Amino acid sequence: MRYRRTWALRDCSVAVPSGRVAALVGPNGAGKTTLLHLAVGMLAPATGEVRVFGRPVRESMERIAFLAQSKPLYAGFRVEEMLRFGRELNPRWDGAAARRRLADLGIPLDRRVGRLSGGQRTQVALTVALAKRPDLLVLDEPLADLDPLARDDVMRGLMEAVAETGLTVLLSSHVVSELEGVCDWLVVVNGGRIQVSGDIDELVAGHRLLTGPAETADALAARMPVVSRGGAGRQATMLVRDATPPLDPRWTARPVNLEETVLAYLRAPDLAALPRPSLASAR
Ligand SMILES: Nc1ncnc2c1ncn2[C@@H]1O[C@H](COP(=O)(O)OP(=O)(O)OP(=O)(O)O)[C@@H](O)[C@H]1O
């Protein structure tokens, strides 16, 4: 995808299996919003193609709901007017489920959207998106501007919807810590390129943090795929992929979590040159 002369996404081949809850992460300006807009057909790629459920995205539009970063709700509308509006526009609209969801959340239907809290607004936007009964729900930073409690509520609501309907979700977020336990697929985009795409459990299990004496770090690093290096003074740390058991008894290895893995990749934007983990399992 190119905006005038600037490439926003390039060499961008990525697949997300259906039925997954996939997280799209990357630094500011990496191309996340662009990728999501391509996935929902709001943008057309300069070259290449986007397929949703195996068909060109234009043919799948009725099966897709999109929650944009700006949460396009009309501040002057009451919540029930948003629902009426949704019903007019969407043939598959499930108004009863939407009302039930809002009642469960304690969001009054007669409240003007502009008077709702940020978290409630996100919940209304999510309710509207879910009422379209999509097979694919795409959300652009649904957690931005929300406090930890509201973030948890929104993620929980999303999880309930996934459990009830089996829908496929693709969401972008900067709040990596909130994604573990909710998302099961990770796509990292960095500098307009796909750096990682894979099953989160496999990805996390495939990395280790090694700690040991700095003077032997170079020799060790030469023997394995290092994602990032750190440490201070005589102590070195390395987050490595596919670590064959070390090694040198002065080095210890411990498992990593999702956030550590993601941060290591984000710090190494050139690392896409290494074979990408787990792309094969998308097929
Ligand atoms: N309408 C546009 N015209 C020109 N360039 C654009 C336009 N939209 C995005 N870009 C550029 O494309 C690149 C990717 O932008 P994009 O908004 O997709 O990133 P992002 O990962 O969503 O960022 P953020 O995390 O800050 O929301 C950036 O370099 C951005 O400046």
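1. Two strands are taken to pair if DSSP finds at least two bridges between them. With that in mind, L210 stands opposite M238 in strand 13. The model discussed here is a predicted one.

2. Strand 11 covers residues 207-213 and is joined to strand 13 by 7 bridges. The two strands run antiparallel.

3. Strand 12 and strand 13 form a hairpin, with 2 residues between them. In the turn, G233 has a positive phi of about 60 degrees.

4. Is R234 buried or exposed? R234 sits in the loop between strand 12 (226-232) and strand 13 (235-241). It has 9 C-beta neighbours inside 10 Å, and therefore counts as exposed; the cut-off for exposed is 12 or fewer.

5. Which residues does R234 contact, leaving aside its neighbours within four places in sequence? They are P213 and A214. For A214, the separation from R234 is 20 residues in sequence, while the C-alpha to C-alpha distance is 5.0 Å.

6. On the division of the chain: domain 1 takes in 2-198 and domain 2 takes in 206-282. Between the C-alpha centres of domain 1 and domain 2 the distance is 33 Å.

7. After helix 4 comes R133, whose phi is positive, near 50 degrees.

8. Which residues lie around the ligand? The list is Y3, T6, A8, G26, N28, G29, A30, G31, K32, T33 and T34. By class, this shell holds 7 polar, 3 nonpolar and 1 charged residues. Helix 1 (residues 32-39) supplies the largest share of the shell, with 3 residues.

Key:
Residues are numbered from 1 along each chain as its sequence is written. This is a predicted model: local features need pLDDT of at least 70, side-chain atom pairs count only at pLDDT 80 or more; totals for chains, interfaces and linings use all residues. Helices (H or I, at least four residues) and strands (E, at least two) are DSSP runs, numbered from the N terminus. A residue is near a molecule or strand if its C-beta atom, placed from the backbone, lies within 6 Å of it. Ala, Val, Leu, Ile, Met, Phe, Trp, Tyr, Cys and Pro count as nonpolar, Asp, Glu, Lys and Arg as charged, and the others, Gly among them, as polar. A residue is buried if 20 or more other C-beta atoms lie within 10 Å of its own, exposed if 12 or fewer, and partly exposed in between; C-beta atoms are placed from the backbone. Two residues are in contact if their C-beta atoms, placed from the backbone, lie within 7 Å. Domain bounds come from an automatic or database domain assignment.
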